[in-house]
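Subject: Structure handover

Hello,

Please find the structure below. My notes on helix packing and on one residue follow it.

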Amino acid sequence: MNILITGGASGLGEAITRRSALAVNNNVYFTYSQSLTNAQQIEADYPNTTAIKCDFKDKNDIAGLVNKIAELDLDILVNNAYTGQFLASHFHKTQLADFVTSFNDNIVPTISITQAAIGVFRKKKFGKIITILSAALVNTPPIGSAVYVANKAYLEELTKIWATENIKFNITSNSISPAFMLTGLTNSIDERLIEQIINDSPSKKLLTTDEVAVGVQYLVNADQQINGVNLVINSGKDIH
């Protein structure tokens with residue numbers, strides 16, 4: 001299968017890229033922005049991977065990737081890339097411009113890339129869209145996460161639209177909502193808060209990026225009957 005993973009050179013994205021590349025029949029394309037060294041190491045470790053420079057803040061990079069998607073003959077798109085912070089400031093202290101900038105840097109590129117992928121999938125009468133969301137959408141959202149959670153909530157609704165509009169073309173759209181992980185997105189969070197997160201977790205440990213990557217691979221290999229599903233990975237916290 002031909003797989004594109006956005007933000008696939010670091011953090012959760014790197015774990016997804018590496019696990020996807022374990023299947024030697026997969027052609028794994030992944031984007032990177034700042035993580036050139038990581039990207040080169042992944043390519044060296046897995047001959048079936050190809051790094052693509054794409055800064056979500058650069059419109060020219062996005063346009064280049066969108067134009068390239070048709071020639072990649074994609075089967076699977078993993079929407080993982082996110083630029084910005086997980087925790088910033090309280091909602092009432094957050095500037096309106098911060099919401100607008102983050103939307104333009106994260107949601108607009110994801111929309112453009114997904115539209116291009118769906119165009120390929122419809123011609124092939126097959127495709128899978130897997131979007132990384134957040135367990136903050138189903139648990140109590142952390143204080144200071146308004147911008148991040150709002151972006152993920154927007155994507156959550158889009159995943160449902162993609163699922164319902166495209167299943168007649170044998171295209172599925174599913175998502176994964178992982179609990180807190182230690183990645184570049186969260187490495188500035190105070191250690192006391194991390195300890196609290198561990199204590200509040202039913203498993204009494206932090207989720208790892210590789211554990212989430214296993215969930216992504218489940219959806220990669222799933223039957224097309226699995227559509228519109230949000231896989232929450234949080235040790236069963238706040239089951240409803």
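**Helix packing**

Helix H4 (residues 96-124) packs with helix H5 (residues 146-166) at an angle of about 20°, the axes lying 10 Å apart. Axes here are lines fitted to C-alpha atoms, for helices over the stretch in contact, and angles run from 0 to 180 degrees between N-to-C directions. Helices (H or I, at least four residues) and strands (E, at least two) are DSSP runs numbered from the N terminus.

This is a predicted model: local features need pLDDT of at least 70, side-chain atom pairs count only at pLDDT 80 or more, and totals for chains, interfaces and linings use all residues. Residues are numbered from 1 along each chain as its sequence is written, and side-chain values use heavy atoms, with hydrogens and water left out.

H4 and H5 are therefore roughly parallel to each other (angles under 35 degrees count as roughly parallel, over 145 as roughly antiparallel, 65 to 115 as roughly perpendicular and the rest as oblique). H4 passes H5 in a right-handed crossing, meaning that the near helix is turned clockwise from the far one by less than a right angle. On the H4 side, the residues that meet H5 include Phe99, Phe103, Thr110, Thr114 and Arg122; among their partners in H5 are Tyr154, Leu158, Trp162 and Glu165. Contact means heavy atoms within 4.5 Å. The residues of the contact of H4 with H5 divide into 11 nonpolar, 6 polar and 3 charged (Ala, Val, Leu, Ile, Met, Phe, Trp, Tyr, Cys and Pro count as nonpolar, Asp, Glu, Lys and Arg as charged, and the others, Gly among them, as polar).

Helix H3 (residues 59-72) packs with H4 at an angle of about 15°, with axes 8 Å apart. H3 and H4 are therefore roughly parallel to each other, and H3 passes H4 in a right-handed crossing. H3 contributes Ile62, Leu65, Val66, Ile69 and Ala70 to the contact, and H4 contributes Pro109, Ser112, Ile113, Ala116, Ala117 and Val120. By class, the contact of H3 with H4 has 10 nonpolar, 1 polar and no charged residues.

**Asn79**

Asn79 is in strand E4 (residues 76-79). At 5% relative accessibility, Asn79 counts as buried (under 20% relative accessible area; exposed is over 50%, partly exposed in between; 1.4 Å probe, protein chains only). Its side chain makes a polar contact with the side chain of Thr114 at 3.2 Å (a pair of N or O atoms within 3.5 Å; within protein, one must be able to donate a hydrogen and the other to accept it, and residues adjacent in sequence count only if both atoms are side-chain atoms). Not counting residues up to four places away in sequence, Asn79 touches residues including Thr110, Thr114 and Trp162.

Regards
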